[in-house]
Amino acid sequence: MHLSLLSRAARLAVAIIALPAAALSQGKELPLKYSGPPTKPEISAADLMTRLYIYADDSLMGRQFGSDYNNRATAYIEREARRFGLQPAGDSGGYFQFMPAVKRALDATSTITIDGIAYKAGVDFIANSSGKPRQFSNMGVVFGGTAVDTANIVPNDQLRGKLVLMRPFNPPPGFNGQQFTQTTGFRAYLASVAGAMIVTIAGDQLNPMQIKNSLSPTNARQRTAAFDNDANMTLTVTTRMAEAMLGTSLATATKGTVGRTLNSDVHFRVAPGLIRNVIGIPPGSDPDWGARYVHHRPQYQHVGHNPTPADH
């Protein structure tokens, strides 16, 4: 790859920033839809606008990693790479590089048992794990108050190896998260919960979208070496289950309140799949640099979409 690609990448970054800024500084609103001329290898503001409108269009539904919409996005990149004469450098002489992926779904038959009562996945709790989930056997529970609360910090020896029930943190207006993470109080909080497993209290009911994403995920994830390793689970539970875990009402629980023990039988259904990158090489022309490469790695995926209607 020719070394000049590095400067082309820099010009691309400048153009991304400059194009909307220039339009807004002139009091112009960018259109919701735009169909520009055919794209060219050279970088220009007009060419960039054409590409951005194609890639950010609603028809690609956020380009979530491992989704069909993401495949449409990589198909567009592949067509452009082919049209501009880039040399294919993917698998089997093509432009695509395929990587193993999985869809991990929480098994709806999973349960967590407290005092002989079984609580159900998708009803009372949802779980996640980055590998083979470690099951809980007579695991103790402690109430931790609100997440990242730095007042009345519970000593680590009371939390390590326990499930720590916490209400979610709701940042107040003007909260500066970056500054907060640099404080002594936040460092003391992290030391307090080191080695503990945080359990989030969702409220009276689990979020329907979170239930759907947990039990019936539509998007694949890249399969890494960690996938086959034992890993801790993260849990989100209803108020009813949280109070069963504590053996008392949340209204009367205080930081450090010791709850009951629980046992888990939580499993995930795994479906294999493939995700893909696009790799193309512009051939170099300089005899001294023609055998060297500059690796330019743009990120093509995004956050997907939420099918739940929103009130705008």
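A: Two strands are said to pair if DSSP finds at least two bridges between them. In this predicted model, strand S3 (residues 111-114) and strand S13 (residues 258-265) are joined by four bridges and run antiparallel.

Q: In which order do the strands form the open sheet, and what is the pairing?
A: Strands of a sheet pair through backbone hydrogen bonds, in either a parallel or an antiparallel manner. Here eight strands make up an open sheet, ordered S4-S3-S13-S7-S8-S9-S12-S5, with mixed pairing. Strand S4 (117-120) and strand S5 (125-129) stand at the edges with a single partner strand each, so one side of each has no neighbour in the sheet. From one strand to the next, the twist averages 30 degrees.

Q: Which helix packs on the sheet, and what angle does its direction make with that of S12?
A: Helix H7 does so, touching S3, S4, S5, strand S7 (139-146), strand S8 (163-167), strand S9 (197-203), S12 and S13. The direction of H7 makes about 110 degrees with that of S12.

Q: How many residues of H7 are buried?
A: A residue counts as buried when its relative accessible area is under 20%. Helix H7 (residues 239-246) is mostly covered, with six of its eight residues buried. These are Thr 239, Met 241, Ala 242, Ala 244, Met 245 and Leu 246. After H7 comes Gly 247, whose phi is positive, near 75 degrees.

Q: How do S5 and S9 run relative to S12?
A: S5 and S12 run antiparallel and are joined by five bridges; in this pair, Asn 128 stands opposite Thr 234 of S12. S9 and S12, by contrast, run parallel and are joined by four bridges. There, Gly 203 stands opposite Thr 238 of S12.

Q: Is Thr 238 buried or exposed, and which residues does it touch?
A: Thr 238 lies in strand S12 (residues 233-238). Its relative accessibility is 3%, and therefore Thr 238 counts as buried. Leaving aside residues up to four places away in sequence, Thr 238 touches Val 123, Asp 124, Gly 203, Asp 204, Gln 205 and Leu 206. Although Thr 238 and Gly 203 are 35 residues apart along the chain, their C-alpha atoms are separated by 5.2 Å.

Q: Which residues of the largest nonpolar core touch the most other members?
A: In soluble globular proteins, nonpolar side chains tend to be buried together. The largest nonpolar core here has 33 residues, of which Phe 125, Leu 163, Leu 165, Val 237, Met 245 and Leu 262 touch the most other members. Two or more residues come from each of S3, S5, S7, S8, S9, helix H6 (208-215), S12 and H7. H7 gives the most to this core, with five residues. Apart from this core lies another, of 11 residues, among them Leu 159, Val 164, Phe 180 and Val 193.

Q: Where is Glu 78 placed, and is it buried or exposed?
A: Glu 78 is in helix H3 (residues 68-83). Glu 78 counts as buried because its relative accessibility is 11%. Not counting residues up to four places away in sequence, Glu 78 touches Tyr 95, Phe 96 and Val 278.

Note on methods
Residues numbered from 1 in each chain as written. Predicted model: local features only at pLDDT ≥ 70, side-chain atom pairs only at ≥ 80, totals over all residues. Heavy atoms only, no water. Buried < 20%, exposed > 50% of the residue type's maximum accessible area, 1.4 Å probe, protein only. Contact = heavy atoms within 4.5 Å. Axes fitted to C-alpha atoms, helices over the stretch in contact; angles between N-to-C directions. Core = buried A, V, L, I, M, F, W, Y, C linked by side-chain atoms within 4.5 Å.
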